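Here is a brief report on one protein model. Look over the sequence and coordinates before reading on.

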Amino acid sequence: MAAPTRLRACVNVLHQTCKDVQYSRYFLRTSKTTQHAPPYPRFQSTSHGYRQNTRKRTWSIFTRASMFTLGSAVIGFEGWKVYAGGKVKPDLTPSRRIHMDTDTSGLKLTLFQYQTCPFCCKVRAFLDYHGFSYNIVEVNSITKKQLKWSDYKKVPLLVLDGVGEDDFLALRDSCVIVSLLESFMGNKLQKLDQLHSYYPCIESKEGRKTVYDFPNKYFIMYMDRSIDTTPEERKEERQWRNWADSNLVHMLSPNVYRTRSEALQAFHYFSDVGEWEKNFSGMERQIVIYLGATVMYFIGKMLKNKYKLKDDVRESLYDSCREWTKALSKKKQQFMGGDSPNLADLAVYGVLSSIEGCEAFQDALSNTNIGPWYRRTKVAVNSHAGANPLNKKS
């Protein structure tokens, strides 16, 4: 990423933090009295004593917010440099290693991810279900310094070691990753770099934003091998995978960050499951938790309007869960794929698993019938059922 672009991003973060600092006190307090406190106009009190105390409190809050912002700017300095466009093989110590005795693929995989990103969770659901071994590099969502070797700054990013003329292949987009590996499992004699060429990336500009589109991302490349599903079943699978990306995933942020306390709780949960204490410095962790929760609270409100969710965003989440379970009940089978999960099951499960520790997920379990299917799929994923010899693809 070029220096001016990264600098503008840091300046925007600074501007937003300073702009919202008056709200920090309201956000950072988590007591019950704060949750029901009146909004911003209460800061307009003309009481002399209140003004004095407010100045002291505001200075303390401003100092904290400034330290967080300054820290993110300092840590983000690495991101101002210009690096080769993904041609330099990454050499980073994995955050953790997932080893499966069932893995016979011969692939050396490294997943660059955020632990609770729904798209990353989709990829992990696929890898775990099929029993792949892989390394994980946890990416700092503020600085993204773990991706400085690549011109593609989004996650998930899956690196296949020892493939292609550069001795590695970086796969973008969760659906491309899943579709390519599914295609490879059907015929392991296919060259991975050739398979990759069947999933071209089309880049376009929307203002200053670069948009990446992968037209074939939901298609499996069967080549000339026999197929044990019907065209209608394959079309339905693609439609539900698309639905997970175009519908279900948009329900998450407005629900997870519905209130200030929920946003903060969510980021503490993300810190725990992502092992941020081990992977990031103390200052980096605090920046991501408090600055991230504040920013995502406001982004959640914008996404609610953008995707036209109901006033009570929980109802929109429940509607999506019910849409899935209704389609499943019509089939009268355990999974959308029949007796075992297909790519649609793994996609929907992956998206929902990203919020498993959040209040919104518990509410969905209590108010919809998504629980039984979700638990069945979780057992299949965690037991690596797709790696069972009876389920292995020839």
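## Basis

This is a predicted model, in which local features need pLDDT of at least 70, side-chain atom pairs count only at pLDDT 80 or more, and totals for chains, interfaces and linings use all residues. Residues are numbered from 1 along each chain as its sequence is written, and side-chain values use heavy atoms, with hydrogens and water left out.

## Whole chain

The protein chain has 16 helices and seven strands. Both are DSSP runs numbered from the N terminus: helices are H or I with at least four residues, strands E with at least two. The chain holds 394 residues, and 47% of them are buried. Buried means under 20% relative accessible area, exposed over 50%, and partly exposed in between (1.4 Å probe, protein chains only).

The chain exposes about 20,200 Å², with 54% supplied by carbon and sulfur atoms. Areas come from the Shrake-Rupley method with a 1.4 Å probe, and for residues only the protein chains shown count as cover. Among contacts (heavy atoms within 4.5 Å) with a separation of 6 or more, 69% join residues 24 or more positions apart.

## Second largest cavity

A search of the whole structure finds four cavities of 30 Å³ or more. A cavity is a set of points on a 1 Å grid over the protein atoms alone where a 1.4 Å probe fits but cannot get out; lining residues have an atom within 4 Å of a point. Points are joined across faces, edges and corners, and volume is the space filled by probe spheres set on them.

The second largest cavity has a volume of about 60 Å³. Its lining is K122, F126, S174, C175, V178, R241, L343, L346 and A347. Helices α5 (118–129), α6 (174–186) and α14 (343–353) each give two or more residues to this lining. By class, six lining residues are nonpolar, one is polar and two are charged. Ala, Val, Leu, Ile, Met, Phe, Trp, Tyr, Cys and Pro count as nonpolar; Asp, Glu, Lys and Arg as charged; the others, Gly among them, as polar.

## S271

S271 sits in helix α10 (residues 260–273). It counts as buried because its relative accessibility is 2%. Leaving out residues up to four places away in sequence, S271 touches W276, R285 and I289. Its side chain makes a polar contact with the side chain of R285 at 2.9 Å. A polar contact is a pair of N or O atoms within 3.5 Å; within protein, one must be able to donate a hydrogen and the other to accept it, and residues adjacent in sequence count only if both atoms are side-chain atoms.

## I227

I227 lies in the loop between β7 (209–213) and α8 (231–246). At 36% relative accessibility, I227 counts as partly exposed. It touches Y222 and R234, not counting residues up to four places away in sequence.

Notes. 1 Å grid on protein atoms, 1.4 Å probe; cavity = no way out; pocket = protein on both sides within 12 Å on 5 of 7 lines; lining within 4 Å.
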